[in-house]
Amino acid sequence: MRKTAIIWQIIGLLGALLFPWYMVQGGFFSFSWVGGIFSDPKNASAFAQGLFHQKWWLITSLLPLVGTALALLFIKNTKLLAKFLVMISIAGLVLIFAQGFIVSRTGARIFADLFVGGAGEAGQVGFGAGAFVVLFSQLFILTTGFSGLGKGRGDAFIVGLIGLIVSLVGVFVFFPVSHILIQAFEGPEGNLGLAEFFDNFTSSRIWGVRCLYEANSCGTAWNSLFLAIMTGAGTTLLGLAFALIATRTNFRAKRLLRVLTIIPIITPPFVIGLALILLFGRSGMVSEFLYDHFDVEKTRWLYGFWGIYIAQLLSFTPIAFLVLIGVVEGVSPSMEEASQTLNGDRWQTFRFVSFPLMRPGLANAFLLGFIESMADFGNPLVLGGNYSVLSTEIYFSIVGAVANSGKAATLAIVLLSMTLGAFLLQRMWLGKKSYATVTGKGDSGQHASLNPLLRGFCYATTIPWAIFTVIVYSMIVFGSFVKLWGYDHSFTFAHYIRAFSINFTDGIRFTGVAWDSYFTTLTISSIAAPLTTIVGLATAYLLVRQKFVGKQVFEFSTMLSFAIPGTVIGVSYILAFNVPPIELTGTSIILILVFVFRNMPVGVRGGIAAMSQLDKSLDEASITLGANSFTTVRKIIVPLMGPAILAALTYSFVRAITSVSAVIFLVSAKHNMATSFIIGRVENGEFGIAIAYSTVLIVTMLSVILLLQFIIGKRRLRRENRIQKHTKTKVAQA
Amino acid sequence: MSNNQITGSVRFENVVKNYGSVVALKDLTLDIVPGELVTLLGPSGCGKTTTLRLIAGLEAATGGNIFIGNDNVTHLSATYRNVSMVFQSYALFPHMSVLDNVAYGLKVSSIPKKEAYDKARDGLAMVGLKGYDERLPSELSGGQQQRVAVARAVVLEPEVLLLDEPLSNLDAKLRRQVREQIRQIQQRLSLTTVYVTHDQEEAMAVSDRIIVMKNAEIAQIGTPMDLYNTPNSKFIADFIGDANVIDCEVSAIKSGIATVEIPGAKLKILTNQTTNFNASLVIRPQNVSLEQASKKAGIKGTVTYAAYLGNQIQYTLDSAIGELFVVDNNMADMFKVGSDVDIILNEKKLVLVSK
């Protein structure tokens, strides 16, 4: 324990001495700060700031760091040392954050009398590299101290990992979300008040019910709720029909169904909306056709509830399918066979055995669809028209003519409570009601085939829907090659050339308008994906393999960010990270962070699933053989989790590229993302370029997925080669 | 007291283990002598595996102290305890070759690579798997995997070797062979070994001493012979070997001999109790002989079930003292179902246990 603590102590001291305490111009990696690490008041390290630049409060908050150093030098009793380290490093963390919150960019917020003099009144900017190094060192000295007290079985690595993830989730999920609460209660003059909140909260714009008795629109909350319930029900029904066909019939094209489930994952969320406009919009293909041949008037019916609803059904049915195929397969065939041997016919078997067993799964799929619909931003933005829902209202109250962050925060609270409510319902009510009937024991037998009427019904719903999906997707490709949709359908590459032209005349110059955002997107996604994977799988490891106090709270809070809609996260990030001490808006770091913590639950879920497949005694064997938990993770768990790691990598990469809701608040001129660029084109009515760009994104993601699949495939081959080699040598010996 | 202990002993002092409100071990105190093979035996949920995992350091004790050798290891994590364990599922690392599996513990203890592999090869030779170095675990049979697991645990030269139901995944014939091999290796290296099983025959076959556990407590400790011949409770009598446990009335105890009354007979049975107590009578199936029914007074019974097994005949009887299970080695003639018999008990072999 002492050794680990000393390492972190040295890192902390280096951070305080040789790294710039504040954010530096041009970013840390420009290394422009090196020259002024002591002399320049902007770039100086913490000790230098304190000693030479009148920032005395930095010295005070660094005293605990000196304290732990002294403790490590002079306290020989391990238990006592651990106690001291814990207490002092807690003080250190508190002091560092306290000074960060008290002294803002414009001077001290409270205790102003203490902070008189030039530096105190001048204020300070956000934490920089030095501050983060010191914070991490204090955090890990704290966890090491805890492990020294015998917590977490005295395992410094495990306690450190728990500490790290708890603080990361705390700082990047709970801290920003709590800002929303504060913002919602904040009056126009910055005073906290309930009146403002209740005005906003009870506004008829949110809760109005006028649509019930007169031709007027209802409040956004009702709109969102109604849409979400409809979408949840619709996707669950369609998903169930697809799942039944995939498992209970000898339908030929089952593999095609699998493909249909992947495509929406790699589709940016508003693209389906765009395709629907191309089909059913005022100048859409179908609308034109109906007008020309049947005199059906061209209307704007698509822009409103029906448009969003169809788009959401298209987008989220695959998710319901993925959930329900597991549920349908999870009903043990022997139960159905038992029912049939007891003289139940196929309908009775389905009605009284299979269906009741599936019910919790269906409820789960419904709630998932509900949450997805609530959180959906892309489709309502493109197709919403006058049907305003919470997620887009939040966006418009931030970027609208009059930015009203109080209103945005209030709407965010309404949205958050609805999704969290659904999430809690799912966890508490369904958590206990699992009828998963397939056990580890071999369960042979065949699923009962469907009753003909039911099968007919399934086919009748799914086949048209599948065809519709295919048409919608072909629209996307088709639309990118025509000049001006609805007016001039002549073939052209113009959109691609505008977006992705390259000029070779003097060297290679990427002259297309989309290149900037394309490269930014790829870079940020490729940085975010491995980080998401690491955080997600590390959390999964702790949840599956370790026992510690507060584990349930820990699990709940890591899964929580799944239920926080992207728009809410986006708003909370700009509210929280626009001011010191953690100032990140306008940087690429904030984009990476938002991806990591939004997609983390996916990594956690995947990791939990993969890790539950690994026999726990493998870890225990490694540990009893004298390996510590870090070595065990490195040599046993990571190698055995290969496929899960790749899956998590792929998924978080793809989610980062297709994400739009949170990102749209956080992009800057310098760091623009593909999706927000496309949204911008859509808002300008440049559908051609938007669709061309979307097509390129889809192709990019497909190639990445195929590449990763290829790597996994190769791994498997190598193993088979090995086995083949062995059998050959065996034959040779014989 | 701890000064005169040497490497390889295990001592529990008032160890308690709770999982939330569930008590897995209540106040366990036990001593394991260096070099002996002790079996933890008991029905599932009795706390035997918990005890083993506490020695390994895979679980943390809720209270009490655990010593290995002279060291108090109660708060030491598994990594730093000098014990190694053979798991029920073997837990061979599927992505490593047999040799890498066996060398793993040596390598992570920073023993030079060459030495680690040499020792690992010796270990494989010891369990009779020379030349299997490069195989993957999936390419071995169950018995071979089991031996790799033993080699992997033994090459570390642990103070204590722990075996968690090591034979449960093998078929019956292989089981006897492997348990003999484990016992031989254990005696050759004089390794302190703690062995968990729920199979009493297996426990009798390998152990120096057996610790029988029940409901998170020790029910009885003793050599296999002690447990079979002088069970201290109804539970032990029933659990170790087959036994008929019959209600009886103790009418008097005089100089170590109890007078016991059951319907149809009055028996004199050795006991270490001095005062009258509430007792049950333990009758082993082979300590009963059957005779053709006669007019004599005695215990009468009727055969309700008879099975011919080649080397013995098993009967179930309905009698005045309750249902009796009897093993008869007299193969010459066999009683038919429904025949009436006289039941004769071998008084010297009967045991009294408290109710």
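Residues are numbered from 1 along each chain as its sequence is written, while chains are lettered from A and ligands numbered from 1 in the order in which they are written. Because the model is predicted, local features need pLDDT of at least 70 and side-chain atom pairs count only at pLDDT 80 or more, whereas totals for chains, interfaces and linings use all residues.

**View 1. The two domains of chain B and their contact.** Chain B is assigned domain 1 (2-238) and domain 2 (244-354), with bounds taken from an automatic or database domain assignment. Taken over C-alpha atoms, the domain centres lie 39 Å apart. To the contact, domain 1 of chain B gives 7 residues and domain 2 of chain B gives 6 residues; two residues are in contact if their C-beta atoms, placed from the backbone, lie within 7 Å. On the side of domain 1 of chain B that touches domain 2 of chain B, 2 residues are nonpolar, 3 polar and 2 charged. Here Ala, Val, Leu, Ile, Met, Phe, Trp, Tyr, Cys and Pro count as nonpolar, Asp, Glu, Lys and Arg as charged, and the others, Gly among them, as polar.

**View 2. S110(B) in the loop between α2 and α3 of chain B.** The loop joins α2 (98-108) and α3 (113-126); helices (H or I, at least four residues) and strands (E, at least two) are DSSP runs, numbered from the N terminus. S110(B) is not a glycine, yet its phi is positive, near 50°. S110(B) counts as exposed because it has 8 C-beta neighbours inside 10 Å; a residue is exposed if 12 or fewer other C-beta atoms lie within 10 Å of its own, buried if 20 or more do, and partly exposed in between, with C-beta atoms placed from the backbone.

**View 3. S190(B) in the loop between α5 and β8 of chain B.** S190(B) lies between α5 (172-188) and β8 (192-197). Its phi is near 35°, a positive value in a residue other than glycine. With 12 other C-beta atoms within 10 Å, S190(B) is exposed.
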